[in-house]
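Please look at the sequence and the structure shown below. The explanation that follows begins with the overall fold and then turns to pairs of aromatic rings.

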Amino acid sequence: MTTEPPIEYPSAEQALAPGETFRILFLDSADQIERLKGTCKDVGYVVVGAETISEAMAFLEGKNHVDVIVCAAHLEVESMFAFLQHVRNHALHTRSMFLILSLEAGPHGAYFDRSSARAGVALGANAYVVMPVFDPVELIAQIRALLPAVPVLQQAASPEEK
C-alpha cells in the first residue's frame, strides 16, 4: 500500500489568510520536488510532493483537495498522460487545474515538448510550460494564472470551517 505524501505548510511569516491559501501538488523527481515546493512555500502556498503516480493518487484519493497539480512532462518510469487521465476521471478533482512542466533542455526536449504539449492539452491539461532553465518567478506566475478565485477547500467548507 502506498502512503500519502505529507502536506507541507509555509512558515508562519509566509502563511496567508485561509481564503488566500492554495494547495499545490507536485509530481516529479525528488530533487525537482524540493526546489518546486520551496519556491511555492516561499510565497505562502501549501504544498504536497509525490515522486510516483501511486503517491499522488494516494493523496488525491484520500479525499484531499488541490487547487493546482504541477506534473513533470517527462516522468522517469511512468506516464504523465496516465496520471492526467486518472485526475480528469476522478470526480473530486475535475476542477483541479493541471499544469505540465517541462524542465528538459536541449533539442530532444524541445522535440518532445511540442508533441507532449499537444497531447497533454487534448487530454485535459490546462497549461504546458517549457522551462529549460528553472525560473521561480515564472513558475509562480504560471501557477497564479491557474488559481481559482477562491481556494477549493474554502469553496467546500461550511461557514464554521471557514
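The protein chain contains six helices and six strands. This is a predicted model. From one end of the sequence to the other, the elements of the protein chain follow the pattern β-β-α-β-α-β-α-β-α-β-α-α. The protein chain has 162 residues, and 46% of them count as buried. Among the contacts in the protein chain with a separation of 6 or more, 75% are between residues 24 or more positions apart. The accessible surface of the protein chain amounts to about 8300 Å², and carbon and sulfur atoms account for 55% of this area.

The aromatic rings may be considered next. A pair of aromatic rings is described by the distance of the centres and the angle of the planes. Rings count as a pair if their centres lie within 6.5 Å. By this rule there are two aromatic pairs. One of them is formed by Phe-22 and Tyr-45, with 6.4 Å from centre to centre and 80 degrees between the planes. Because an angle over 60 degrees counts as edge-to-face, this pair is edge-to-face. The pair links distant parts of the chain, 23 residues apart: Phe-22 lies in the loop between strand 1 (7-8) and strand 2 (23-27), and Tyr-45 in the loop between helix 1 (30-41) and strand 3 (46-50). Are these residues buried or exposed? Buried means under 20% relative accessible area; Phe-22, at 8%, is therefore buried, and so is Tyr-45, at 3%.

Phe-83 and Phe-98 form a tilted aromatic pair, with 5.7 Å from centre to centre and 50 degrees between the planes. This pair also links distant parts of the chain, with Phe-83 in helix 3 (residues 80-88) and Phe-98 in strand 5 (residues 97-102), 15 residues apart. Phe-83 counts as buried because its relative accessibility is 0%, and Phe-98 is buried with a relative accessible area of 0%.

Key
Residues are numbered from 1 along each chain as its sequence is written. This is a predicted model: local features need pLDDT of at least 70, side-chain atom pairs count only at pLDDT 80 or more; totals for chains, interfaces and linings use all residues. Side-chain values use heavy atoms; hydrogens and water are left out. Rings of Phe, Tyr and Trp (its six-membered ring) pair if their centres lie within 6.5 Å; planes under 30 degrees apart count as stacked, over 60 as edge-to-face and the rest as tilted. Helices (H or I, at least four residues) and strands (E, at least two) are DSSP runs, numbered from the N terminus. Buried means under 20% relative accessible area, exposed over 50%, partly exposed in between (1.4 Å probe, protein chains only). Contact means heavy atoms within 4.5 Å. Accessible areas come from the Shrake-Rupley method with a 1.4 Å probe; for residues, only the protein chains shown count as cover.
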